Amino acid sequence: MTSRERVVGLEQAARFVQEVRGRGGTVAFTNGCFDLLHAGHVELLETARSLADALVVGVNGDDSVRRLKGPGRPLQAASDRARVVAALRAVDRVVVFEALTAEALLAELKPDVYVKGGDYTFDTLPEREAARRVGARVVLVPLLEGRSTTALVRRMGGGGA
């Protein structure tokens, strides 16, 4: 399956989750902007995949990235960001979404594990209650120091951060 084929709509992603579960498997879910893919993203995605038999990733759409990160972002269109994430071996499916949080995706996909970066705590995680409602175990992955899209943009001298 190509990276283009792994970028799917929410209904297709939900069917994929059902297929994995039908085979007795488990599903992890994570989400983010993934504006400039870096080692911190790879660490998050590989760790998330190691916690389940399949990994579905939510990628924030362009409008939600602008609302979250500011007017200079995203640096790449959602379709490009989704395809790059989908090309990684750890990732099984990618869904683009426009909301500021992934609560609706959690409610629809009902993953076994919800994974986020260590820039969150259990108390500050916006999706904490949505994950609890669907019975997903929440795992926070420690950040790789100095790896962030904002830091990369600053080092490049860009105004997008």
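User: Which residue is the bridge partner of glycine 117 in β5?
Analyst: In β5, valine 141 is the bridge partner of glycine 117. The model is predicted: local features need pLDDT of at least 70 and side-chain atom pairs count only at pLDDT 80 or more, whereas totals for chains, interfaces and linings use all residues. Residues are numbered from 1 along each chain as its sequence is written, and side-chain values use heavy atoms, leaving out hydrogens and water.

User: In what order do the five strands form the open sheet?
Analyst: The order is β3-β2-β1-β4-β5, with parallel pairing. β3 and β5 (137-141) are the edge strands, each pairing on one side only. From one strand to the next, the twist averages 25 degrees.

User: What makes helix α2 (residues 10-22) a helix that packs on the sheet?
Analyst: Helix α2 touches β1, β2 and β3, where contact means heavy atoms within 4.5 Å. The direction of α2 makes about 165 degrees with that of β2; axes are lines fitted to C-alpha atoms, for helices over the stretch in contact, and angles run from 0 to 180 degrees between N-to-C directions.

User: How do you know that strand β2 is largely enclosed?
Analyst: Buried means under 20% relative accessible area, exposed over 50%, and partly exposed in between (1.4 Å probe, protein chains only). Seven of the seven residues of β2 (residues 54-60) are buried, so the rest of the structure largely encloses this strand. Ala54, Val56, Gly58 and Asn60 point one way, and Leu55, Val57 and Val59 the other.

User: Why is the pair of phenylalanine 29 and tyrosine 114 called stacked?
Analyst: A search of the whole structure finds one aromatic pair. Phenylalanine 29 and tyrosine 114 lie 5.8 Å centre to centre, with 15 degrees between the planes. Rings of Phe, Tyr and Trp (its six-membered ring) pair with centres within 6.5 Å; planes under 30 degrees apart count as stacked, over 60 as edge-to-face and the rest as tilted.

User: What makes arginine 93 a charge over the ring of phenylalanine 16?
Analyst: The definition asks for NZ of Lys or CZ of Arg within 6 Å of the ring centre and within 35 degrees of the ring normal. The charged end of arginine 93 is 4.1 Å from the centre of the phenylalanine 16 ring, over which it sits.

Terms used:
Helix = DSSP H or I, 4+ residues; strand = E, 2+ residues; numbered from the N terminus. Pairing = 2+ DSSP bridges.
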